[in-house]
Structure formats: structure tokens, C-alpha cells
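This briefing goes with the structure shown below. It covers helices, surface patches, charge pairs, backbone angles and contacts.

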Amino acid sequence: MTPNPAKRDLGNVLVIGGCGFLGHHIVNLLLSYKCKVSVLDVRTTRNRRPDSDGVSYYDGDITCLSSLIPIFEKIKPAVVIHTASPTLAGGSRELYKKVNVDGTQCVIEASQKTNVKALVYTSSASVISDTVADLVNADERWPVIPPAAQTEYYSQTKAEAEAFVISANRSSSKLLTCALRPAGIFGEGDVQMIPQMMKVYKDGKNNFQLGDNTNLFDFTYVQNVAHAHCLASFALLQTHAISTPVLDHEKIDGEVFFITNCEPVYFWDFARAVWRCQGNEKGTEGVWVISRDVGNVLGTVMDWGMWMIGKKSKLTRREVRYSCMTRYYDCSKAKRRLGYEPIVSLPEGIRRAVKWFEDEQAKEGEKKGQ
Amino acid sequence: MGLLKQLLYFSVHPNQLRSVIQWKVWHDPVHQRNPAKESATLKECFHYLNLTSRSFSSVIQELNPELLVPVALFYLILRGLDTIEDDMTISLKKKEPLLRNFQHILEQPGWTFTENGPNEKDRDLLVHFDCVITEFMLLKKEYRVIIADITEKMGNGMADYANNAEFNEVGVDTIKDYELYCHYVAGLVGEGLTKLFVEGQLANPALMKRPELYEAMGQFLQKTNIIRDIKEDLDDGRRFWPKEIWSKHVDKFEDLFVPQNLEKALNCSSEMVLNSLRHGEECLFYMAGIKDQSVFNFVAIPQSMAIATLELVFQNPAVFKRNIKITKGDACQLMMESSQNLRTVCEIFKRYTRRIHAKNNPKDPNFLQISIACGKIEQFIESIYPSQDPKALHLLHKSADSATVAESEKNKLSQKESATDTLYLLLAVVGTLLVISGLMIGAAYLAGANFDLAFTELRKGNFIPKGTYSTIPQQDHGEL
């Protein structure tokens, strides 16, 4: 498999957003490499490593270039891994634009000005999804959805930021860049996918199925995504060290890569595997199957009905679309060029994630009990 | 099935009948053997082929003439070997040297074997084995070498198993042992056939560099048969399901057949199905390397039958009670679809994969693994026959993009236009109203209307004229 990471020297690594969901997993994994890890985040109080691990934490705002430069100058990173972004749900348009687009431009500029060698950007597999059309075994040849056709503003800002990162490759400095597009990240500390699915089971609403469940979907365990970031960082540094040009089919700088678990599954099977981990003993008997069309009508009615009484609908058209959509990718480019292979299988990833959330809830319960 | 039973069955399953008729009427073999040109011994060989094989004899006889005889003889030789191995009336002492030296027997003209038990179903083949040897000696040397090599490997493998007391008493232990057994009885066949195909220039020589692909072909068929035949094998005193798998679900192998343990038994069979299903992608990949239509049919038909059988046995309690088979109609349908091209075979695989997925039960410990295995087969098929074209998507976005730009400009223009139009229309309406009202009010004024009175009444709140102002005389004029 992959060579021993302890022998791979990454030098000074700065993880921007290193206290976030994906970011802190990257930090964890980097600790097994030969490198000095620093973290820059808006809030460095959560997901912190113990001091004994020697990770330096810096509070900072990536949308403010003048505050970034001194931090970059102090750390002198060889590698910058930029993974900071508001989550898909809950951010405002302004926030997405400010952090994803403006923030990323600041990071690029700071990297160029402080002679950073490699910048790895966490993009999103959603940049090629218009949230309606299916994506069947899509790879890097698929077009990025133009702003006019993109209905998800988050994805639009990720695509814009990705384009800035890629165009910065070998442009005004020796900075090499690449972007990773993970699909459907889940795992310990996840704030969207797993908690939502677990809540559905807790609320006893797991006896519905939207669509016919023949749609394959990519869910990617967070440590695999973190692993890909480490591989990409190392690969860019290697490219930086050699003077001869790299062959086109081996190129890593200036490239984008889809990252998945390489195990697409039928959408509801993933949810059912989560519920099973939570202790669900039931099979699919007694499950109501709501077809895509009926679901759309229901979703529309619920959307408007709840909007009129000033609440947020629990069944939205967006949810109906997502759960009926085929959306899986072919990540063989990452396998070929980065040597990427998932290190944790999907079932193991689900088991770990559900256990983590249950442990967290138990801890909270204890706190309340005291 | 009796004729009456068949008639009854088909009268309620017209689709099945349709498939059978279609196969019988429309199937057009790529090649047909010509018995008129065959020697007496070769005819005899084909006679035994028909006797010993139900499923393979027809596909073999439609093979490309280059490989027709070598493959038929290869089959008969392995069948002969199998008939010695299977026969429990032959002592181990006698059996072992026969198995280990069968490749040399192939070079002994006139060799026959009459010591099989009377109940051994294929004993006739060995009694008349000299005809096989005669024809074998006439083959091209290259083919003889390949066949002898596989015979040697398989004979030695069988002898090892015959010697293995543990295997004979308690059955297969680990998954590794299970796969080794399948390698000896099926993987080697895949190897030999592939070498024959490549030697005969009917398959891509690159297949020789991918042993895992031809191994998968054999493993997939053998494992699927082992799952299906569990009851029959148990009745014959044989156990091929590895202990490593069944011990996860039940304590004793026999417990699988106890009705109260049905759920555990089904979970166990699911794990067996999963183990077999994982060869699906490699089998499809292998078939992509076949160049000749008759060879393609020869390899694809058994594979399609296997994926359909796998779907049939999946989550099916009947496997623990009796031997089950896919229906004749389904078999004909599958033969029809598999004797076309890789695409139609991929469609079969996708169809049955989705049926397996539909039967997959979240209660099953291997639920997610099975879902992943199904997904992998679908993804693999998509990788060879993509349903989306990135170039077309690029064009779509470009045209949509330019269309939207042009359209939105047009829209803006037309919106502007319509806005001014509306304004003019409103002005015209209001103007007309004003003119007409003015004229009418003016005429009324000229005619002596008292607008001041009307206004005072309106101010008082009397919107409806009262009787006193009525111009209609209220008095009764009756007196007049």
C-alpha cells in the first residue's frame, strides 16, 4: 500500500480551517508524517490537539490579507492546505462569497507573497452538479456548472474559488496548486450527514423511502479525504523539488481530483446502514416508498405550506431531489496520479462515525446528569 | 415435468413460453458441426459429450471449427478425471495414481477404464475412453500441451483433496481453502480454455497476462453452483461451504437446514452470495477480451446463467430444502441475450444485480457489503458503456450559456418594450375615460343637473337616492 508516512517529509504545513470537521482530521493524519503542523482558524477552541502533539494554533480571519501575511511570515509554511469553508447548510450568500471566494483569494496571495511551495485546496464534488441532473460515474472531464445554471450558491462559490486556485498554479510565484473534490464527506465530528440521518432514526421517521432506491451515491469517509490531502501535499512538494517538467498524464499541479470511498452505494442503503448501527432491528418491511414524482408534489406542498405559517418544512423539494439523484464519481485519476486508495472502508467508516456520535451524546448526557 | 404439467405451467406463464419458442425458432448458431465429415471416433466423442453434459454440449458444438474438437475433448478428459475422483467405490490407493498420472494416460492408445461402480452416471465414457484418446492424439501439438498441462494440475489437485481426511470428513475449512478447491475444479478450466482461445487466435493475448480474470470466470461459476447445490451435496455427504463463513452464523453445519434457523441460514447464504458476486466485474472484464462470436457465446452463456442463479438463490429459503434452478423460459431468454455482445451481457448483469439489491435486507449483517458489491458491478458496466458523455455536457452548458445570455438580453429588450406599451395603453384608457366622462358631465350640466345638491346628499352619507327625489310620480292617478 502507501509508503510509510513517517518517512515522508512535508516540512512546515499550515492547515487553514484545521479546527473544522475535515481540517482536524487532516491535522490528526499529518501527525504521522514528518512535519511541523500549524493551524489557522477563526475559532481555535474546538477540535484542538493536546499541547503535547506540538501543533501551533493561530486565530485568524482569512478574508483579511493584512492579518494573514504576518502569520504566514511567522510559520513560513512549505505547504498550505486550505480547507476552511462554511458548511453547505446554514451559511448566508454573503458568507459563502466572503469566505470561499474572497478568503481563498487572500490565501493565494499570502501564499504567493511568502514563497509557499504547495497549496492544496479543498473544493467540492458538487461543482459539477446542478443539483438536478444525475451524475453517473462522473470524472474530471465533466464540466463545472456555470453560475447561470448553478442553483446551489455554495457550489458556485466553491467552483469560483477552485478556478482561482488552479489559475494560481505556477503563475506569479513558484507556487504549485491543486484542488481536491471530495464527494459527500461523513465521519466523526460531521455536522451534516450523519447527525441528520441519526436524527431521522431517533425521531422514528426511518420508515419512509423517497424514490425507488436504485440511485447510486458516493459517501466518503472523512479520513480518506484527509489521506488524499496528505498525498496531494507530498506530491506537489515532489514536483516542486524537480526541475524537469512533468509528463501531462502524471501532472498533479494545476489539476483537480475527485476523491471518494470508491464504494458507491444505493442512497437509502447508506442511511439504513447508519440506522442499523444505531440498533435498528427492522428490515424494509413496512417501509413506505414514495415515488420521486409524488415526493416532489409533497415537497412543494410542504415547502409552501410551512412557509405560509412561517416554519421550515421537514420535507423539502431539495431533499427529494437529493435522495432520488444518482450521483457517483470515478476517482481513478486520483488513484493513478496521487496513489490514492481509501484507507478506511465504507462500513468501517459508518461504524466509527455512529459510535463517535453516540459517545458524544452519552458524554453530554452525563454532563447534564451531574 | 410431464407434458400436461408443462402445458399448465406455460398457460399461466406465457412470457416463459415466448422465450422458449423464440430461442428454438430464432436462434441461429454461428457455426454448426458437420457430422458427415467426422471420423467414427469423433462422432463417438460427441455422442459422449451429449451424454455427459446437459448445459455445455450445445454451446461447445456451436464453437468455431478451429476450437470445436479441442474444447470438446478437453471437456471429455476433465469429465473422465472427475468420474474417477467422484467414485467412492474406488479405493484411494487405486484412485490416487490414476488422478496424478491422467495426463500420461492421454498418450496411451486404447486405454479404457471399467472399474467404476455401476451407479456412476458417466461410467460409459471411461469404458469407451479410447475414442477420446484417439482423437486427442490427432490434435495440434500446441493444443495437446495445454490440455495435458491442465489435466496434470487438476489431477494432482484432486488427488490432494482425496488424500485430505479432514476435507472429506468435515468439509472445507477456510475461505482460502474454498477458493483453492474452486481453483482446482474450475479456475484451471478457465486457464486451459483461455490458453486454447488465445492459441487459436480467437481471444486477445492480453488475457494471458491477467490470470486473475480467467480465474474469476471459473470461481464465479463454481461458487454459484456450490451455493445452489448445498442441499444436494449434503445429501451426498459433501460440504463445500467453508466453515469460516457458516460458523459465523450457526454452530453446526446441519443447523443451516433447521427451519427455526432460517434467518441465520439466509444470512449465511448471503455471505456466500457476496463472496461470489465480487467476481462479477472481473468476469465482465474478461469477456471484453474475446474476439470470436462463437467463443463469446460459449463463455457468456454460463456466466449469465450464473448471475441469474445467484439472484435466484439470494435470500431464498428453498436452497436449504431442495435443488432449485432457473426456469426454462428464463434460461432461453438468457441464452438469447448472451449470444449477442458484451453490451447485452452487461445489461443482464445489471438487471440481476439490481434484483439482488432489491432483495437485500438491512437486517443482514452483510447488507452494506452486498450493496457495495452491486454498486461496483454497476459502476464497472458504466465504465465500459458510459451513459453520460462529458463532451455533450460541455456543449449543453455552452449552448445553454450563450442561449441564456442572448435570451436574457432579448428578454430585457422585450420587457422594456412591453413596459412602454403598457404605459401607452393605460394612458389611452384613462384619456378616453376622462374625455367621455367630461362630455357626459358637461351634457348633464348643460341639461340642468344640480350637482351641488348631489354633493350635499353624498356628504350626508346618502349614497342611494331617496324616494323624495324620485322623478317617478308616486301618487295614485286613479282619481284622474
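E244(B) is found in helix α15 (residues 243-246) of chain B, where helices (H or I, at least four residues) and strands (E, at least two) are DSSP runs numbered from the N terminus. This is a predicted model, in which local features need pLDDT of at least 70, side-chain atom pairs count only at pLDDT 80 or more, and totals for chains, interfaces and linings use all residues. Residues are numbered from 1 along each chain as its sequence is written, chains are lettered from A and ligands numbered from 1 in the order in which they are written, and side-chain values use heavy atoms, with hydrogens and water left out.

**Negative patch on chain B**

- E244(B) counts as partly exposed because its relative accessibility is 38%; buried means under 20% relative accessible area, exposed over 50%, and partly exposed in between (1.4 Å probe, protein chains only).
- Together with E166(B), E169(B), D173(B) and D177(B), E244(B) belongs to a patch of negative charge on the surface.
- Patches are made of residues with over 30% relative accessible area and no salt bridge, with like charges joined within 9 Å and nonpolar side chains (Val, Leu, Ile, Met, Phe, Trp, Tyr) within 5 Å.
- Lys and Arg count as positive and Asp and Glu as negative, while His and the chain ends are not counted; the place of a charge is NZ of Lys, CZ of Arg, CG of Asp or CD of Glu.

**Nonpolar patch on chain B**

- A nonpolar surface patch is formed by I441(B), Y445(B), L446(B), F451(B), F455(B) and L458(B), with about 670 Å² of accessible area together (Shrake-Rupley method, 1.4 Å probe; for residues, only the protein chains shown count as cover).
- At least two residues of this nonpolar patch come from each of α22 (390-446) and α23 (451-460) of chain B.
- F455(B) lies in helix α23.

**Overall form of chain B**

- Chain B has 23 helices and 0 strands.
- Its radius of gyration is 41 Å, well over the 23 Å that the globule rule gives for 480 residues, so chain B is more spread out than a compact globule.
- That radius is taken over C-alpha atoms, and the globule rule is 2.2 Å times the number of residues to the power 0.38.
- The C-alpha trace of chain B spans about 145 × 55 × 45 Å along its principal axes.
- Of the 480 residues of chain B, 46% count as buried.

**Salt bridges**

- Over all chains, a search of the whole structure finds 41 salt bridges, each being a side-chain nitrogen of Lys or Arg within 4 Å of a carboxyl oxygen of Asp or Glu.
- Side chains of opposite charge can pair when their charged atoms come close.
- D41(A) and R46(A) form a salt bridge, with the closest N and O atoms 3.6 Å apart; R46(A) is partly exposed at 32% relative accessible area, whereas D41(A) is buried at 5%.
- In the salt bridge of K199(A) with D203(A), the closest N and O atoms are 2.7 Å apart; K199(A) is partly exposed at 49%, and D203(A) is partly exposed at 38%.
- K121(B) and D122(B) form a salt bridge with closest N and O atoms 3.7 Å apart; D122(B) is buried at 6% relative accessibility, whereas K121(B) is exposed at 62%.
- K251(A), E255(A), K333(A) and R337(A) are joined into one network by salt bridges that share partners.

**Positive phi in chain A**

- Most residues other than glycine have a negative phi.
- N115(A), which is not a glycine, has a positive phi of about 60°.
- The loop between α3 (93-113) and β5 (118-122) of chain A holds N115(A), which counts as exposed because its relative accessibility is 62%.
- R170(A), also a residue other than glycine, has a positive phi near 50°.
- R170(A) sits in the loop between α4 (153-167) and β7 (176-182) of chain A and counts as partly exposed at 48% relative accessibility.

**Sequence and space in chain A**

- I259(A) lies in strand β12 (residues 255-259) and counts as buried at 0% relative accessibility.
- I259(A) and Y329(A) are 70 residues apart in sequence and 8.3 Å apart in space, C-alpha to C-alpha.
- M306(A), in helix α8 (residues 292-308), is partly exposed with a relative accessible area of 22%.
- Between M306(A) and E285(A) the separation is 21 residues in sequence and 30 Å in space, C-alpha to C-alpha.
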